[in-house]
Amino acid sequence: MTGLSWLTQPTAQPNVPPARGPLVHSTRFWVVLAPTALVAGAAATGLKLLLRVVEHAAFSYHGGELIRAAASTSAVHRVATLAVAGALAAGLWWGLRRATGTIGGQMTEAIWSGEGRMATAPTLFSAGLSMTVIAMGASMGRESPPKEAAAALAERLARWGRLSDEERVLLMACAAGGAWAAVYNIPFAGAAFVAEVLMGSLALPVV
């Protein structure tokens, strides 16, 4: 049994915050929350539009389902499209890192660490680039770029509103969950994603 003792030991979760007093939201938090909801929706909508435009351009179709349009193209076309997507992503991300020292993103790490800091411009650029290569056939989830972009914009709004670290992290999580919900039209799942995954808490102030 000694060898299996690890099964009964609690495992620390990086997304569960340390014990602290109840978080009472400030008036500034509620003021910033409304524009945060708007920018999260705008980020998701804009990136979904970019996805659709690039899909139609990459596979030369004007209606119907992407899978049928891709199947109607030649194997050479599909391979070439993916090759261009890979080269585009590698080159632009390399240039972005050279120019700024980062490619942005890391929304989950920013929230779980409690720091709530993201590079706005690099993150928005990376979100657009990610959605572009996804539209060209890269095997990636289309929900990630809107989440990253919305969280970065929320972080900027939180700094403008001079929110506390705890409120800034919660606002970023709400923006990410809102963008995720907007992509798949699943508002309740988006709220659950914020509480259970990003914040690691079902405490009333989080809910």
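**View 1: Glu 115, a residue in the loop between helix 4 and helix 5.** Start at Glu 115, which you'll find in the loop joining helix 4 to helix 5. Helices here are DSSP runs of H or I with at least four residues, strands are E runs with at least two, and both are numbered from the N terminus. You're looking at a predicted model, where local features need pLDDT of at least 70, side-chain atom pairs count only at pLDDT 80 or more, and totals for chains, interfaces and linings use all residues. Residues are numbered from 1 along each chain as its sequence is written, and side-chain values use heavy atoms, with hydrogens and water left out. With a relative accessibility of 52%, Glu 115 counts as exposed; that label means over 50% relative accessible area, buried means under 20%, and partly exposed is in between (1.4 Å probe, protein chains only). Not counting residues up to four places away in sequence, Glu 115 touches Ala 110, Arg 168 and Val 169, where contact means heavy atoms within 4.5 Å. Glu 166 is 51 residues away along the chain, yet its C-alpha atom is 8.6 Å from that of Glu 115.

**View 2: Arg 117, Glu 155 and Arg 159 share one network.** Side chains of opposite charge can pair when their charged atoms come close. For a salt bridge, a side-chain nitrogen of Lys or Arg has to be within 4 Å of a carboxyl oxygen of Asp or Glu. Arg 117 and Glu 155 pair up this way, at 3.6 Å from N to O. This bridge ties together distant parts of the chain, with Arg 117 in the loop between helix 4 (107–112) and helix 5, and Glu 155 in helix 6, 38 residues apart. Glu 155 also makes a salt bridge to Arg 159, with N to O at 3.0 Å. Those two both belong to helix 6, four residues apart, or about one turn of the helix.

**View 3: Arg 168 and Asp 165 pair up within helix 7.** Here the side chains form a salt bridge at 2.8 Å, N to O. Helix 7 covers residues 165–184, and the two partners are three residues apart in it, about one helical turn. Arg 168 is buried, with 3% relative accessible area, whereas Asp 165 is partly exposed at 41%. A search of the whole structure turns up three salt bridges.

**View 4: Glu 148 and Lys 147 are buried charges without a salt bridge.** For this view, Lys and Arg count as positive, Asp and Glu as negative, and His and the chain ends are left out. Glu 148 belongs to helix 6 (residues 144–160), and Lys 147 lies in helix 6 too. Which side chain of opposite charge is nearest to Glu 148? It's Lys 147, 6.7 Å away. For Lys 147, the nearest one is Glu 143, at 5.0 Å. Leaving aside neighbours within four places in sequence, Glu 148 is in contact with Gly 105, Gln 106, Met 107, Met 118 and Thr 123. Lys 147, with residues up to four places away not counted, touches Met 107, Ala 176, Ala 179, Trp 180 and Phe 193.

**View 5: Helix 3 packs against helix 5, roughly antiparallel.** Two packed helices are described by the angle and the distance between their axes. Each axis is a line fitted to C-alpha atoms, over the stretch in contact for helices, and angles run from 0 to 180 degrees between N-to-C directions. The axes of helix 3 (residues 75–100) and helix 5 (residues 120–135) come within 10 Å and cross at roughly 175 degrees. The contact involves residues of helix 3 including Ala 85, Leu 88 and Trp 93, and residues of helix 5 including Pro 122, Phe 125 and Leu 129. Angles under 35 degrees count as roughly parallel, over 145 as roughly antiparallel, 65 to 115 as roughly perpendicular, and the rest as oblique.

View 6: Buried residues make up 39% of its 207 residues. Among contacts between residues at least 6 apart in sequence, 69% join residues at least 24 apart.
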